[in-house]
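Please view the sequence and the model below before reading on.

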Amino acid sequence: MIRTNFDNFENSIGGHSSHVNDSIKYYLQDTSSEVGKQTSLINEMLHLLRNEFKGIGTNFEEIKKKQEGLDVFARDKLKRFDALTNAVNIKLKPVFLKSGRIVAFRDDLLETDFSSVKLVCENAGMKMITVHNQSELDELQDAAENFNPSIHVWLSASNMDDGEGNFKWADGTKLDTKSKLWLTKELGADVNQPDDYKNGKNACVYFDTKNTYNRKLLDAPCRNFGVVACEL
């Protein structure tokens, strides 16, 4: 039945079949060209949309990172404010150094042993002072001299964890016994520093403002007394 209908259609167009075939061919070519144009246009629009959404995503991530950065900054500032408030409440006097560091000395010149100084600093939300080079030590020495010209100041380094000559700062950095930060005979010491650790006891690190010419580190038994000094 289907074949009969098709035959009738073919007979009806008769000699015009060639013309019809050409027309169909041209129609299909035009349609294909138009479809191609439309497809190209759609692809271009999709590309633009992808870039637009990508930009939106990038901007969102940038905003998110900036917000996170501001949150960290705000928390840090609040933490510092709280620490300074606690410091003042326990008679610690803040000193703002040129490098941006904030240290604090006990206002009444209370002297105590190394472990007690560490505890006082921690209770104030602070820590014992660490120095890594001569420039930092000089800056700290200037601040201490202005605070009081005749004090011993405990710093955060000791050999309490590993014994003997294995000194390290509170941040875990090693303080070698051959470091140029130690006071030597050439600079006026009776003996080269450090020396107290050789007695087999815990030795802690300090500097003093009495002999300002040396501006170097010394060690002493951790049970000795020194001024309370902390940093943020």
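**Largest pocket and helix α3**

The lining of the largest pocket draws at least two residues from each of α3, β4 and β5; helices (H or I, at least four residues) and strands (E, at least two) are DSSP runs, numbered from the N terminus. This is a predicted model, in which local features need pLDDT of at least 70, side-chain atom pairs count only at pLDDT 80 or more, and totals for chains, interfaces and linings use all residues. Residues are numbered from 1 along each chain as its sequence is written, and side-chain values use heavy atoms, leaving out hydrogens and water.

**Pocket**
- α3 gives the largest share of the lining of the largest pocket, 4 residues.
- Of the 15 lining residues, Phe 114, Lys 118, Ser 156, Ser 158 and Ala 170 lie nearest the centre of the largest pocket.

**Helix α3**
- At the start of α3, a side-chain oxygen of Asp 113 comes within 3.2 Å of the backbone nitrogen of Ser 115.
- Gly 125, which follows α3, has a positive phi, near 80°.

**Confidence**
- The protein chain has a mean pLDDT (the predictor's confidence in each residue, from 0 to 100) of 78, and 68% of its residues reach 70 or more.

Key
A polar contact is a pair of N or O atoms within 3.5 Å; within protein, one must be able to donate a hydrogen and the other to accept it, and residues adjacent in sequence count only if both atoms are side-chain atoms. On a 1 Å grid over the protein atoms alone, a cavity is a set of points where a 1.4 Å probe fits but cannot get out, and a pocket is an open set with protein on both sides within 12 Å along at least five of seven lines; lining residues have an atom within 4 Å of a point.
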